[in-house]
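This report looks at the architecture of one chain and then at the side of that chain that touches its partner.

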Amino acid sequence: MIIRILAEGQLEVPDSELAALNELDAGVENAVESGDVDGFTEALAGLLTAVRAAGTPLPDDSLEDSDLILPPADATIDEVRALLNDDGLIPG
Amino acid sequence: MSLMKRMSLIFRSKANSAMDRAEDPRETLDYSYARQVELLSKVRRGVADVATSRKRVELQVAQLVAQENKLTEQAQKALSMGREDLAREALTRKSALAGQVGDLRAQQAQLQGEEEKLTLASQRLQAKVESFRTKKETIKASYTAAEASTRINEAFSGISEEMGDVGLAVQRAEDKTAQMQARAGAIDELIASGALDDASSINRGDDISRELDAMSSDSDVESELAALKAGTSGQSAPQSIESGDSTAPAELTAEQSEPQKQEGQS
């Protein structure tokens with residue numbers, strides 16, 4: 001499974017890690033839904049750390065779609081909301 | 001649905017809408033390649049812009065640190081002249097500057113981080129664009145329009161996503177840089193106005209300097225006078241001995257030059 005962390009690149013993550021990552025992902029999602037800024041920062045950092053630890057970076061010249069995409073490490077809760085609402089944050 | 005899944009779906013829908021536009025699918029390859037090259041140069045410009053902002057902040061840090069050092073020297077000088085009040089004033093102003101310097105250093109680190117991220121992003125994008133170009137040429141050479149479409153989808157995967165990612169990174173870097181440039185502009189104005197020379201009382205000018213200068217110019221005059229007195233009493237004897245010999249040729253040359261001057265004038 002390929003996961004992209006925005007502004008960092010893509011990582012190949014074994015499928016066996018998915019359950020644990022999904023749990024951390026739910027934590028980020030809950031924080032976004034409830035507007036818990038501190039909780040969001042902590043949960044996102046935890047999720048990204050876990051993905052980095054479990055994954056191996058893809059070579060720069062690989063042209064593969066990611067299965068999952070994660071916000072950049074320094075994203076604010078508002079930025080993530082905007083990304084999810086697709087209100088023009090992603091160019092193109 | 002999970003956050004990760006939702007974000008990837010949004011990226012994918014963007015990529016697909018970009019691809020649907022062309023009639024001959026092979027044309028989309030060239031179109032996309034042109035956009036990739038365009039984006040690549042945009043990222044490089046972004047790196048240069050962030051670097052410029054970082055250098056500007058670095059310069060400001062250097063200016064403020066020089067000002068801090070000047071205030072420390074002033075405090076030392078004031079103390080050595082027994083003016084504790086002036087020394088205290090100088091140190092108060094210095095501590096006001098320290099906050100500004102800390103703030104600027106944090107900005108500098110942030111800009112440095114953005115610069116590094118964008119540099120890496122441009123390296124990644126460049127590698128992918130190269131890779132895409134190779135695939136594009138192969139597809140155009142080996143497949144008819146009808147055959148090409150699945151191959152083209154393969155070639156597009158990854159690159160559109162990367163373009164979305166890089167485009168976003170450039171936009172975020174631009175936003176951050178713009179915010180910092182506004183603050184940097186304000187600090188440039190403060191430095192230019194001289195207000196930071198005198199952080200505790202704007203527009204009064206650098207009065208510590210003035211007072212110390214006045215005090216030290218008084219004492220400089222005194223000490224120079226003392227040195228001169230000491231010098232003249234010590235050197236007067238040999239000077240008077242030499243003067244006996246030296247006056248004669250000096251007078252001679254003066255007399256000789258008189259007629260020459262007149263010739264020159266006429």
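Two residues are taken to be in contact if their C-beta atoms, placed from the backbone, lie within 7 Å. By that criterion, in this predicted model, residues 24 or more positions apart account for 62% of the contacts in chain A with a separation of 6 or more.

The secondary structure of chain A consists of three helices and four strands, and, read from the N terminus, these elements follow the order β-β-α-α-β-β-α. The radius of gyration of chain A is 13 Å, close to the 12 Å that the globule rule gives for 92 residues, so chain A is as compact as a globular protein of that length. Taken along the principal axes, the box filled by the C-alpha atoms of chain A comes to roughly 35 × 35 × 15 Å, and buried residues make up 38% of the 92 residues in the chain.

Turning to the interface, 28 residues of chain A are in contact with 32 residues of chain B. On the side of chain A that touches chain B, the elements giving two or more residues are α1 (18-34), β4 (68-70) and α3 (77-85) of chain A, and the largest share, six residues, comes from α1(A). The residues on this side of chain A divide by class as follows.

| Class on the side of chain A that touches chain B | Number |
|---|---|
| Nonpolar | 14 residues |
| Polar | five residues |

Terms used: Residues are numbered from 1 along each chain as its sequence is written. Chains are lettered from A and ligands numbered from 1 in the order in which they are written. This is a predicted model: local features need pLDDT of at least 70, side-chain atom pairs count only at pLDDT 80 or more; totals for chains, interfaces and linings use all residues. Ala, Val, Leu, Ile, Met, Phe, Trp, Tyr, Cys and Pro count as nonpolar, Asp, Glu, Lys and Arg as charged, and the others, Gly among them, as polar. The radius of gyration is taken over C-alpha atoms; the globule rule is 2.2 Å times the number of residues to the power 0.38. A residue is buried if 20 or more other C-beta atoms lie within 10 Å of its own, exposed if 12 or fewer, and partly exposed in between; C-beta atoms are placed from the backbone.
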